[in-house]
Amino acid sequence: MDRSYWRTVSLVTLWQVSASVCYYTVFAATPFFRDEFGLSRFAVGLVVTALTLGYAIWLLPVGAVIDRFGEGRTLVVGLVGLGIGAMLVAGAPTYALLLAAAFFLGSTYATAIPGTNKAIYDAIEAGRQNLALGIKQVGVTAGSGVSALLVTGLAGALFWQAGFLIAAGFALVVAGVFAVCYRGAGEGGRAEYPDFRALSRNRPYRVLVAAGFFLGAALFTTTGYTVLYLEESIGASVVGGGIVLALVQLFGSVGRLAGGWLSDTLPGEPHVRIGAILIVQALVGSLLFVVVAATATPVAAAVAFSALGFFVLGNTGVYYSYMATLVTADEMGGATAAGQLSLVAGSVVAPPAFGYLADAVGYRASWWLLAAGTALAAGLLAYAVRLEPPVDEPAMRE
């Protein structure tokens with residue numbers, strides 16, 4: 001692979017790591033929010049909802065901005081905003097301002113998936129995009145893992161806000177490096193909103209987006225409640241919970257790389273083979289949620305959560321690779337925005353529902369809820385694979 005390929009992939013992945021470090025600090029800090037502001041589990045879930053709601057609301061407008069001004073400049077502004085947002089969360093003096101700061105942080109993270117996906121699809125030729133997308137998506141889990149260690153590790157040595165401040169500083173440095181070094185293939189152009197009317201006529205794509213709601217609910221709720229669950233139900237320390245969350249992200253990274261490699265190398269029609277990989281990830285993830293609900297020791301929980309990370313957090317690269325077999329290259333921008341919006345919509349609804357069940361019944365019922373949703377996603381995906389993609393030239397070609 002040539003130097004241009006690795007330059008693009010490396011820069012975009014570095015951006016994604018830094019952005020995710022800022023964004024996922026909120027998930028790692030849930031025990032500290034609860035102690036600092038005296039929150040119930042449901043109220044903790046609302047912090048995650050505020051974060052992801054800001055993300056969801058701004059996805060489509062940010063996509064139009066990226067079309068108009070190019071992903072390079074938009075990603076720089078977005079990363080600066082993420083650094084500011086992390087500082088605002090750390091400095092929030094009240095619960096209401098914490099919710100507002102989380103909303104702002106999520107809003108700036110809306111630049112991530114549309115901008116980085118556009119960079120990959122513009123600069124990397126067909127046949128090499130699945131692995132590139134998998135590598136880039138590792139930036140999400142890598143950043144989340146770093147944030148877990150950063151926030152929980154520094155809380156004992158310094159204060160719980162220290163990890164947020166370091167994440168913010170790192171984001172500002174990377175934004176400067178990205179501004180100087182990144183050269184996009186498709187900068188500029190005319191602002192356009194995605195043609196959702198055309199996409200709505202694509203039946204397998206519609207079913208995939210519906211499945212994305214449940215996949216996103218599983219992913220974001222898992223990362224949001226891992227540390228709190230391990231502390232309250234398993235008896236692990238906050239630092240121990242942070243280490244397990246980092247393991248979840250590490251194995252999620254491995255899952256994304258493995259999914260991208262398998263998507264490129266397995267034989268068969270692209271939409272069938274990639275869809276089958278995604279179905280397996282959803283089915284095994286559903287079973288692992290049941291296993292997690294039954295764990296009783298820190299070691300067993302670490303093993304179960306690591307496996308959960310491989311399948312549940314490892315499926316987003318395959319999700320977009322499968323999407324690219326269902327739509328044309330010209331539709332990929334709009335398809336990505338709607339697909340990501342579906343993932344995020346699940347993350348808006350599920351965390352408070354999970355927290356409410358944990359308060360009212362117990363954590364076991366909460367994990368069973370995620371198991372049921374992921375199993376439903378697998379069923380929807382199986383139906384989508386049976387439908388013939390209505391495109392002659394899919395974005396992801398052999």
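Colleague: What volume does the second largest pocket have, and which helix gives the most to its lining?

Modeller: This is a predicted model, and the second largest pocket in it has a volume of about 180 Å³. Its lining includes V62, V65, F69, R73, T74 and V77. Helices α3 (41–69), α4 and α5 each supply at least two residues of that lining. With five residues, the helix that gives the most is α4.

Colleague: Which helix gives the most to the nonpolar patch on the surface?

Modeller: The patch is formed by V80, I84, M87, L88, F104, L158, F159, L165 and L172, which together have about 750 Å² of accessible area. Two or more of these residues come from each of α4 (71–91) and α8 (162–181). With four residues, the helix that gives the most is α4.

Colleague: Is I84 buried, partly exposed or exposed?

Modeller: I84 lies in helix α4 and is one of the residues of the nonpolar patch. Its relative accessible area is 38%. Buried requires under 20% and exposed over 50%, so I84 is partly exposed.

Colleague: How many cavities of 30 Å³ or more are there, and what is the volume of the largest cavity?

Modeller: A search of the whole structure finds two cavities of 30 Å³ or more. The largest cavity has 13 lining residues, and the closest to its centre are Y24, V140, F220, T316 and Q340. Helices α7 (129–157), α10 (203–234), α14 (316–323) and α15 (332–360) each give two or more residues to this lining. The volume of the largest cavity is about 120 Å³.

Colleague: How far apart in sequence are the parts tied together by the salt bridge between R34 and E232?

Modeller: Side chains of opposite charge can pair when their charged atoms come close. The structure holds one salt bridge, formed by R34 and E232, with their closest N and O atoms 2.0 Å apart. R34 lies in helix α2 (residues 30–37) and E232 in helix α10, so the separation in sequence of the parts tied together is 198 residues.

Colleague: Are R34 and E232 buried, partly exposed or exposed?

Modeller: R34 has a relative accessibility of 22%, and E232 has a relative accessible area of 31%.

Colleague: Is S321 buried or exposed, and what is its relative accessible area?

Modeller: S321 is found in helix α14. Buried means under 20%, and S321 is buried because its relative accessible area is 1%.

Colleague: What distance separates the C-alpha atoms of A294 and P351?

Modeller: A294 has its place in helix α12 (residues 270–294) and counts as exposed, at 54% relative accessibility. Along the chain, A294 and P351 are 57 residues apart. The distance between their C-alpha atoms is 20 Å.

Colleague: Which helix has the lowest mean pLDDT among the elements of the chain?

Modeller: The chain averages a pLDDT of 83, and 90% of the residues score at least 70. Helix α5 (residues 95–109) has the highest mean among the elements, 94. The lowest mean, 72, belongs to helix α9 (residues 196–200).

Notes. Residues are numbered from 1 along each chain as its sequence is written. This is a predicted model: local features need pLDDT of at least 70, side-chain atom pairs count only at pLDDT 80 or more; totals for chains, interfaces and linings use all residues. Side-chain values use heavy atoms; hydrogens and water are left out. Patches are made of residues with over 30% relative accessible area and no salt bridge: like charges are joined within 9 Å, nonpolar side chains (Val, Leu, Ile, Met, Phe, Trp, Tyr) within 5 Å. Accessible areas come from the Shrake-Rupley method with a 1.4 Å probe; for residues, only the protein chains shown count as cover. A salt bridge is a side-chain nitrogen of Lys or Arg within 4 Å of a carboxyl oxygen of Asp or Glu. Buried means under 20% relative accessible area, exposed over 50%, partly exposed in between (1.4 Å probe, protein chains only). pLDDT is the predictor's confidence in each residue, from 0 to 100. On a 1 Å grid over the protein atoms alone, a cavity is a set of points where a 1.4 Å probe fits but cannot get out, and a pocket is an open set with protein on both sides within 12 Å along at least five of seven lines; lining residues have an atom within 4 Å of a point. Grid points are joined across faces, edges and corners, and a volume is the space filled by probe spheres set on the points.
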